[in-house]
Amino acid sequence: MSDAAAFWNPRFAVEEYVYGTEPNDFLRQQAGRFGKGAKVLSLGEGEGRNAVFLAGLGHQVTAVDASEAGLAKVAKLAASKQLLVETVQADLADYVIAPKQWDVIVAIFCHLPQELAHRVFGQAVAGLKPGGLLVLEGYTPRQLAFGTGGPKDAALLYEPEVIRHEIAGLELLHFAELERPVLEGKLHTGQAAVLQVVAQKPLAAMPAVEAGEGYLRHLDGGYYRRLGMARHSEDESEMVVYAHLWPFEPHTWVRPAAEFPGRFEPVTEAEVLQAMQGDQAAAAAAVMAAKAARRAKKG
Ligand SMILES: C[S@@+](CC[C@H](N)C(=O)[O-])C[C@H]1O[C@@H](n2cnc3c(N)ncnc32)[C@H](O)[C@@H]1O
């Protein structure tokens, strides 16, 4: 049995879900960013609260953990909601994240020794498909002063600059060190110092001539992030490259520069996140209706 399994099995071998059955707050906030039916890998899933929440949203979730006792609870929680989560019992020191396989990789309070974290984050970066997302929340070394959960060994905690370095191949969509109340089961019990990250694997390389970034709302209602300018490979015309964020499947989108910014208005990240928590189907229908109305007006 691995050291991780020996440590975690006794903690999970109780009836109670020690991290609760509700998902992690940050994951819940960010889940609107995931495309429909995403292939999600959850590292150090524990007892299933996050995997089962994501399966409930229609994603195909694989949960990896060293602890058999934890994974037995994952299966039980999933079955209680008539959902399926694939479980893999493995120490992350042995598990290999297959390259370019995952739409989303989740690591919530998955605290690992530095060398192992280096291996796992390296594989996670490689394991994402282009456009795929890494979602991470963990305690920082500042958590030792709070004593409300997490490892007592600073070497296992997430130093933001170390994590930033480990995931350097990804584009940071959200990177925040903050204090927040973490009330997630009996082992996460109060005000805490955390790092929260959402990072995206870059989409197909475009010859960007000018970097530029900002969140935009199309007048039809969709949300985008402006990635920068590019030149069309054939006629050299100027294009604007966007990442489409919501309400359709995330994808990049290119428009002739001349059309920018007539149909867009700038919005804040908070506005995008708020929209993403809304009704995706209704928003998609409204965008389609607005497009159709615009087309009809043009004649
Ligand atoms: C603090 S718990 C968090 C569980 C879950 N992510 C949650 O937020 O409810 C850490 C989890 O990581 C797993 N873990 C720690 N080290 C591991 C390793 N080397 N290999 C696989 N899993 C590991 C533990 O078994 C445990 O389930």
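Visitor: Where is the place of Gln82?
Guide: Gln82 sits in the loop between α4 and β3; helices (H or I, at least four residues) and strands (E, at least two) are DSSP runs, numbered from the N terminus. The model is a predicted one, in which local features need pLDDT of at least 70, side-chain atom pairs count only at pLDDT 80 or more, and totals for chains, interfaces and linings use all residues. Residue numbers start from 1 along each chain as its sequence is written.

Visitor: What is the phi of Gln82?
Guide: Most residues other than glycine have a negative phi, and most peptide bonds are trans. Phi of Gln82, however, is near 55°, a positive value. Phe109, in the loop between β4 and α5 (114–127), also has a positive phi, near 50°.

Visitor: Is Gln82 buried or exposed?
Guide: A residue is buried if 20 or more other C-beta atoms lie within 10 Å of its own, exposed if 12 or fewer, and partly exposed in between, with C-beta atoms placed from the backbone. Gln82 has 8 C-beta neighbours inside 10 Å and therefore counts as exposed. Phe109 has 22 other C-beta atoms within 10 Å, so Phe109 is buried. Of the 299 residues of the protein, 37% count as buried.

Visitor: Which residues does the cis peptide bond join?
Guide: The cis bond joins Trp246 and Pro247, with omega about 10°. Pro247 is placed in the loop between β10 (238–246) and β11 (251–256).

Visitor: What is the order of the strands in the open sheet?
Guide: Two strands pair if DSSP finds at least two bridges between them. Here seven strands form an open sheet in the order β3-β2-β1-β4-β5-β7-β6, with mixed pairing. Because β3 (86–89) and β6 (171–183) stand at the edges with a single partner strand each, one side of each lacks a neighbour in the sheet. Across 12 bridges, β6 pairs with β7 (residues 189–200) in the antiparallel sense; Arg180 has Ala192 as its bridge partner in β7.

Visitor: Which residues come nearest to the ligand?
Guide: A residue is near a molecule if its C-beta atom, placed from the backbone, lies within 6 Å of it. Of the 20 residues around the ligand, Ala4, Trp8, Gly44, Gly46 and Ala66 come nearest. At least two residues of the shell are supplied by each of α1 (3–12) and α3.
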